[in-house]
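I opened the notebook to record what I looked up in this structure, entry by entry.

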Amino acid sequence: MSSIQLPKVLQNRKTSLELERENFEKFQALSISKAVNQTEQPIKEKHVRSTIIGTFHEKGAGYFWNVGLRMPVQDNPIVAWKFCHLLHKVLREGHPNVLVQSQKHKGKLADFGKLWGHLKEGYGILIARYCHLLITKLKFHQQNPKFPGNLLVTPDELMNIGENDINNYFQMAVEMFEYLDDIVSLQNSIFGSLDMSRSNSMTSSGQCRLAPLIPCIQDSSQLYDYCVKMLFKLHGSLPPDVVSGHRERFLKIFKDLKQFYINASNLQYFKNLIQIPLLPDSPPNFLLQSDLRSYVTPVVVMPEDDHDSLETASFTEAADLVDLTPIQPLPPVPPQNGRTRSPSPPAIPPLPDIVAQRDLLIQQLQAEILRLKGEIQKLLAQYEEMYSQLQDQIIDLETKLAQKESELAQERQTKEELLVKAEAAATAEEIEKKAKEKEEKFQKLKDVYGNLRKEHINLLRQKAEVEKQLNVTRQKAETFQKGQTVAEEKLQAVLSERSTLEEGLQQTATEKDSAIAELERAKETAVNETAAVQSKLERALNEKSTLEAELHDLLAQKLEAEEKLEESEQTSKLMQSNLKAESDQKIFALLEGIVKQAEKMLQNAVNEMDNPALAAVTCSSDYFKCLCGPTDKILEQLGPMLDKFRADQEGIDDLANSITQSAHNLSWLLLHGKALSQTATDIEIGDSMLEQCRFIGTGSIQLMSLLKNKESWGGVSEALSALRSQVQSLGTLSERLEGRGTPLDTVGDLLESELLSMEKAIDEAASKIEDMLTKSKAADSGIKLEVNSKILDACTSLMAAIRELVIKSRVLQEEIVAQSKGSASVKEFYKRNSQWTEGLISAAKTVAIGAHFLVEAANEAVTKGGKLELLVVASQQIAAGTAQLVVASRVKADRKSGNLEKLSTASRGVSTATGAVVAAAKACRNMVETADVLDVSGITLHAAKRLEMDSQVRVLELESSLQQERLRLAALRRHHYQLAGESEGWEKKDIPE
């Protein structure tokens, strides 16, 4: 029976599963490539979500690793950094099989870390630390497979993981400590790579470095919680001495984590991305089990993400879409050229019913697939339109937010200028809180002072009113006195009139009877007038007594008012003195707080000098000199300001500003001094600068300690003088760093000079050896002549081989310069390749010194009977110098060069000649020792025993001397290497951790 032949179009068509797999791989590769790109900005969350959903769809991480390993993670540091971040997120939130399938890639992560660890600047050390953290995470989950990727387990699950075994808890705590150590090391490197300015958190490059700290914060908070609970359990089951190591290690991690959370919470970048927990001020006391009840678990809160990725949603909907409803047959194709085509191919001959049904089913499925593709395209178009609208809204909101932030920044600018003095001492939140507290205290003090001032004003007003009433009373008394004087004057007038009348009466008494009637009438009139005057006088006296009573009352009121006034004045003076004392106390408390903050700032700077993360920071000597001048000036102003404040309690603002600025400048000076000492080519000056920085830090802290207490202000002037002299000494050391090393413009001339000096030294050494050989043949005979001849012949052969090697080296060097310099001059070529040129200079110096040393050793051995070992050492030293010259020449030479082959042959000739010198020296020593054989024929038993003991003592002495000389040789070699590095200007290379 012949097989049924299907159409070729149907044979090559892919199945729905294959199409779904192909779409998944395309979408997954697109998401990973968009997440891990070369742009220096944080990865987008929607690409991360798509990658994580892909691991659940695949139920593993096979395709993720296939795509990730094909990316340029070994070529671009930003791609490698983002890949580590994406891998961390996938390990935390991806499918559980991701942890299992990623175990086999630990070796590749280790290779990535080692590769980027050689780059000590930029992202190099960060990538190395991140790779180490990811390897530690994989090892932790391999050893503890019951922990999920996000480390979220309940307390019961934690107890089940430990299986209620103290040994398991003990080991698990150690693994978690290692995990936390790697997290702390990574965050130290990230913060150390940023500048001192806080604006890095709002730039794309700063956010690219800070973004991986979010999963690190999530992991560290969970690990910290588990460590606390397990340590309480360990302390409850084991003696405290057994777990003392765990306790000490936890205290160190607690301090580092607390500082990490404080630094991260102060950055604006994390404000809307994560709510960072703050650890308590003091760590838990594991020796008291009751502290476990008061322990609060730190909780990391991530903001809810309301919008899902549209692309991911469409992908998952398309992947899960299955429709098994019956499908209507396709309509006929429109006629072409006057004929109607059937949906089935006309070339197929009639087949059985089963084949027709299958073809019909295939066509129906294809039509349904096309329909579904159309619907999917519509949905994708709708989603893309919605996505673009949302993007536009986001952009509008971001612009509005930027405008609001700019307005807010302008409004806060004045406030930040006031807070910038204390900003370096502590974090922004703490300073704002303290500033608010100080403002509240100052407001309260101001309110109290206002109340006292109001009361004082009221009392003054009352005093004025009392004085006014007293003046009115005095005016009334004066008016009364004036009325009394007028009445008395009237009384005196009446009395004078009366006396006049009485005199007239006495005069008229002598008159005769003719005037009696007139006198009687006058008498009566006078009596009447007198009665009237007396009545007036009585009324005046009554008024006087009334006025006197009123005057006494007013005087009593005046005395009472004066007493009250004195009491109010005393109360006011007492309140003013209390207010001044309280104000002085507040001012001193404020000054003490400022000094404490300055002392803390300086202590942090001194501690940061020992921070390994500061090793990547550098500083130029010019910039450092710009720091020394303002620091010395502000220290010079601090003394007069303190004296002024001590004299009249004024100028607290200037003194506080001066103290804060001094602490800030000194802290800045210490950190940059540390950075400058690390880049100094002169090691001694660098060490001196670092030691001087430590002295300045200690002196600054002592100065702040003196400023905290009023009793110790007398020693501030001496401390300031010492500190200023130390700062000036540090500036002098930084000036000495300028101009160090060989100038690049003269390095070519220096090389030619050293090579000529080397050739001259070799020629002089060869001629001197020939002269010594001639003199020895003329003056010596026997064994001595044979020994001298062998030694000098071997030295002559060695010098000839060295001369040949130098000639070949000069020829190869000229070839290298001719091939590599291009259009530049010879001096320009040497200047561009200064390090290689300095290597040649060093090798030439070594050969010249070795030639002089060889001549001196040969002269000692031939003329003065010196040690043959000195000759061996000299020959080996000059051979080492020629080897260095060969290596330095071979670095830039062409591997196929004939001159290089000749140089190698000459180098082997030098090695052979050196071996001949060593062999000749040994042979001559054997000849001399054979001639000096001890004659034991006449030695008695006692003398032989005595000589044997002397020989053993001599052997022990020589062995001890040999050991001491070996140690001395090692020390001399280390010192020689250091001196050679300093003289040639070698750069210090950081040793990878």
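**Entry 1: the negative patch**

I looked up E567 and found it exposed, with a relative accessible area of 52%, where exposed means over 50%, buried means under 20% and partly exposed lies in between (1.4 Å probe, protein chains only). The areas themselves come from the Shrake-Rupley method with a 1.4 Å probe, and for residues only the protein chains shown count as cover. I noted for the whole notebook that this is a predicted model, in which local features need pLDDT of at least 70 and side-chain atom pairs count only at pLDDT 80 or more, whereas totals for chains, interfaces and linings use all residues. Residues are numbered from 1 along each chain as its sequence is written, and side-chain values use heavy atoms, with hydrogens and water left out.

E567 lies in helix α17; helices here are DSSP runs (H or I, at least four residues; strands would be E, at least two), numbered from the N terminus. I then found that E567 belongs to a negative surface patch, together with E562, E563 and E566. Such patches are made of residues with over 30% relative accessible area and no salt bridge, like charges being joined within 9 Å and nonpolar side chains (Val, Leu, Ile, Met, Phe, Trp, Tyr) within 5 Å. Lys and Arg count as positive and Asp and Glu as negative, while His and the chain ends are not counted, and the place of a charge is taken as NZ of Lys, CZ of Arg, CG of Asp or CD of Glu.

**Entry 2: the positive patch**

I next listed the members of a positive surface patch, which are K434, K438, K441, K444, K586 and K600. The elements that give two or more residues to this patch are α16 (428–509) and α17 (516–608), and the largest share, four residues, comes from α16. I checked K434 in particular: it sits in helix α16 and counts as partly exposed because its relative accessibility is 31%.

**Entry 3: salt bridges**

How many salt bridges does the rule give? Taking a salt bridge as a side-chain nitrogen of Lys or Arg within 4 Å of a carboxyl oxygen of Asp or Glu, I have a count of 17. I kept in mind that side chains of opposite charge can pair when their charged atoms come close.

I looked at E25 and R21, whose closest N and O atoms are 3.0 Å apart in a salt bridge. Both residues lie in helix α2, four residues apart, about one turn of the helix. E25 is partly exposed at 26% relative accessibility, and R21 is also listed as partly exposed, at 35%. I noted as well that R21, E25 and E58 are linked in a network of salt bridges.

In the salt bridge between D181 and R249, the closest N and O atoms are 2.9 Å apart. This pair links distant parts of the chain, with D181 in helix α10 and R249 in helix α13 (residues 244–265), 68 residues apart. D181 is partly exposed, with a relative accessible area of 27%, and R249 is partly exposed at 29%.

For E375 and R371 I recorded a salt bridge with the closest N and O atoms 2.5 Å apart. The two are separated by about one helical turn, because they stand four residues apart in helix α15 (residues 353–419). The relative accessible area of E375 is 35%, so E375 is partly exposed, and R371 counts as partly exposed at 37%.

Is Q28 buried or exposed? I found Q28 in helix α2 (residues 16–35), buried with a relative accessible area of 2%. Its side chain reaches the backbone oxygen of T51 at 3.2 Å.

R129, in helix α8 (residues 124–143), counts as buried at 18% relative accessibility. A polar contact of 3.2 Å joins the side chains of R129 and S185; a polar contact is a pair of N or O atoms within 3.5 Å, where within protein one must be able to donate a hydrogen and the other to accept it, and residues adjacent in sequence count only if both atoms are side-chain atoms.

**Entry 4: positive phi**

I recalled that most residues other than glycine have a negative phi. E163 has a phi near 55°, a positive value in a residue other than glycine, and phi of N164 is likewise near 55°. E163 lies in the loop between α9 (155–162) and α10 (166–193), and N164 is placed in the loop between α9 and α10. E163 is exposed at 54% relative accessible area, and N164 is exposed at 58%.
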